[in-house]
Amino acid sequence: MADFREMLERAKSGKLGNEEFGVAMKAISGGCENQRDLYTALHVVGIAGSPAQAEAVQRHLCTPADPMLSRLALQILCDYWGMSSDFLPELQSFLAGVDWDVDGDVREIAIPIAGRHLREVGGPVGLAQVLTDIAESEGELDLVREGALRALAAALGDSLLDVSSPAVRVRVGSTQAVDVLARARQRYALQ
């Protein structure tokens, strides 16, 4: 039986062998029943693989039984491999929220991914609109709204905000938040 945790450590250190990578690929391609092993195998492929394995990873983008698996697949495709342009429909869907992501795990990672996509690619404007809508929605939790504000700040090139860190707060209603929203509306010609 494969020890995917050991493989993950070797992948992180750049010492994963081709045979082990093949075992991880087989696991994510349908050869793994154990969800924990499947998650770790997917992580191995994300670290040691490349966009050439995108089809195998993409299979896990919509996994209602395990939203964390979907979250990792989205992160691999968009962050690790820089393929956010190829997965805009999925990214927009996760930003809007899917009913099976009951704890918002996938949405939580989609928000900063959208901000980075806007910064690096520049569009589509629809992503900026969704982030702005989230940031302004009183129906959203403040932490979610703050995440959208950090993502917008990143899209605008604000270097003082680390969008991956929830410890960096852009408080809803603060002067900083008002400024970020105003600049986002201006940059993306939002209403």
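Author: What follows is a set of questions about the terms, each answered from a value and its definition. This is a predicted model, in which local features need pLDDT of at least 70 and side-chain atom pairs count only at pLDDT 80 or more, while totals for chains, interfaces and linings use all residues. Residues are numbered from 1 along each chain as its sequence is written, and side-chain values use heavy atoms, with hydrogens and water left out.

Reader: What makes up the secondary structure of the chain?

Author: The chain has 10 helices and zero strands. Helices (H or I, at least four residues) and strands (E, at least two) are DSSP runs, numbered from the N terminus.

Reader: Why is the chain called as compact as a globular protein of that length?

Author: The globule rule is 2.2 Å times the number of residues to the power 0.38, and the radius of gyration is taken over C-alpha atoms. For 191 residues the rule gives 16 Å, and the chain has 18 Å, which is close to that value, so the chain counts as compact in this sense. Its C-alpha atoms fill a box of roughly 55 × 30 × 30 Å along the principal axes.

Reader: Why does glutamine 53 count as buried?

Author: Buried means under 20% relative accessible area, exposed over 50%, and partly exposed in between (1.4 Å probe, protein chains only). Glutamine 53 has 16% relative accessibility, so it counts as buried. Glutamine 53 sits in the loop between α3 (35-48) and α4 (54-58). Contact means heavy atoms within 4.5 Å; leaving aside neighbours within four places in sequence, glutamine 53 touches Phe21, Met25, Val45 and Trp81.

Reader: Why is arginine 119 called partly exposed?

Author: Arginine 119 has 40% relative accessibility, so it counts as partly exposed. Arginine 119 belongs to helix α7 (residues 105-121). Beyond its neighbours within four places in sequence, arginine 119 is in contact with Ala154 and Ala155.

Reader: Why is the pair of phenylalanine 94 and tryptophan 100 called edge-to-face?

Author: Rings of Phe, Tyr and Trp (its six-membered ring) pair if their centres lie within 6.5 Å; planes under 30 degrees apart count as stacked, over 60 as edge-to-face and the rest as tilted. By this rule there is one aromatic pair. The ring centres of phenylalanine 94 and tryptophan 100 are 6.0 Å apart and the planes stand at 85°, so the pair is edge-to-face. Phenylalanine 94 and tryptophan 100 are both buried.
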